[in-house]
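The following exercises concern a predicted model. Please work through each task with the structure at hand before reading its solution.

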Amino acid sequence: MSDKWLEWAKRIQALSQSGLAFSKDVFDRERYEELRGISTEIMQEYTGLEMKKIKDLFTNEEGYQTPKVDVRGVVFKGNKILMVKEKIDDKWSLPGGFCDIGLSPGENIAKEIKEEAGYDAIPLKLLALLDMNKHPHPPQPYHYYKIFIQCRVTGGEAKSGVETKGIGFFEEKHLPELSVGRNTESQIKMLFEFLRDQRKETVFD
């Protein structure tokens, strides 16, 4: 199948979720439930995920559907970048994760760096705000925006967290095997451009 099927499934899911959030008519709600079921079937066919897992993902969503926000910390030491090894796939990513409600993007990334890498850090600069759909990530059930924030370590020490099993600093030409659902090689290389050019403007889209 082409990626178009995945986009159709996401769109149907978003429309059905919005309909369930705002519709009061019982028959309309039945139709929106059916549409959500169709989107789940398409998603299973395309991704190979278990039907129950997809249903759990979709039925836990309420209200108007909007993109989810993922924040990633960019910490340089010399000519190397900080990465953590993910337990879920045994591959490497920038420390980060979903933004928590009640915290700003800067507060979120400071928390993520501490939890996943053990370092105390402060946010310095927004480097990039990217639409995941416009980058070579594997298929995902949701639409994501990815925020990359440069940070400076102020204390702490390297320490793995609940979701990580390794911490390291890597040169641009010697990157480890990447967890491409979280970050791609082209994105990491883009971030190194900020190390070489301190005046580089924020990248978006």
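**Exercise 1.** Does Asn108 count as buried or exposed, and what is its relative accessibility? Describe its surroundings as well.

*Solution.* 
Step 1. Locate the residue: Asn108 belongs to helix 4, which spans residues 105–117.
Step 2. Classify it: the relative accessibility of Asn108 is 0%, and therefore Asn108 counts as buried, the cut-off being under 20%.
Step 3. List the contacts, leaving out residues up to four places away in sequence: Asn108 touches Val71, Phe98, Cys99, Asp100 and Leu103.

**Exercise 2.** Characterise Phe98, one of the residues that Asn108 touches.

*Solution.* 
Step 1. Phe98 lies in strand 5, residues 96–98.
Step 2. Phe98 counts as partly exposed because its relative accessibility is 44%, and the class runs between 20% and 50%.
Step 3. With residues up to four places away in sequence again excluded, the contacts of Phe98 are Lys68, Val69, Asp70, Asn108, Glu112 and Tyr144.
Step 4. For a separation along the chain, take Asp28: it is 70 residues from Phe98, and the two C-alpha atoms are 32 Å apart.

**Exercise 3.** Describe the largest pocket and its lining.

*Solution.* 
Step 1. The volume of the largest pocket is about 950 Å³.
Step 2. Its lining comprises 30 residues, of which Ile88, Gln140, Tyr144, Gly181 and Arg182 are the closest to the centre.
Step 3. At least two lining residues come from each of helix 3 (51–59), strand 1 (68–74), strand 5, helix 4 and strand 7 (144–156).
Step 4. By class, the lining has 12 charged, 12 nonpolar and 6 polar residues.

Definitions and conventions. Residues are numbered from 1 along each chain as its sequence is written. This is a predicted model: local features need pLDDT of at least 70, side-chain atom pairs count only at pLDDT 80 or more; totals for chains, interfaces and linings use all residues. Side-chain values use heavy atoms; hydrogens and water are left out. Helices (H or I, at least four residues) and strands (E, at least two) are DSSP runs, numbered from the N terminus. Buried means under 20% relative accessible area, exposed over 50%, partly exposed in between (1.4 Å probe, protein chains only). Contact means heavy atoms within 4.5 Å. On a 1 Å grid over the protein atoms alone, a cavity is a set of points where a 1.4 Å probe fits but cannot get out, and a pocket is an open set with protein on both sides within 12 Å along at least five of seven lines; lining residues have an atom within 4 Å of a point. Grid points are joined across faces, edges and corners, and a volume is the space filled by probe spheres set on the points. Ala, Val, Leu, Ile, Met, Phe, Trp, Tyr, Cys and Pro count as nonpolar, Asp, Glu, Lys and Arg as charged, and the others, Gly among them, as polar.
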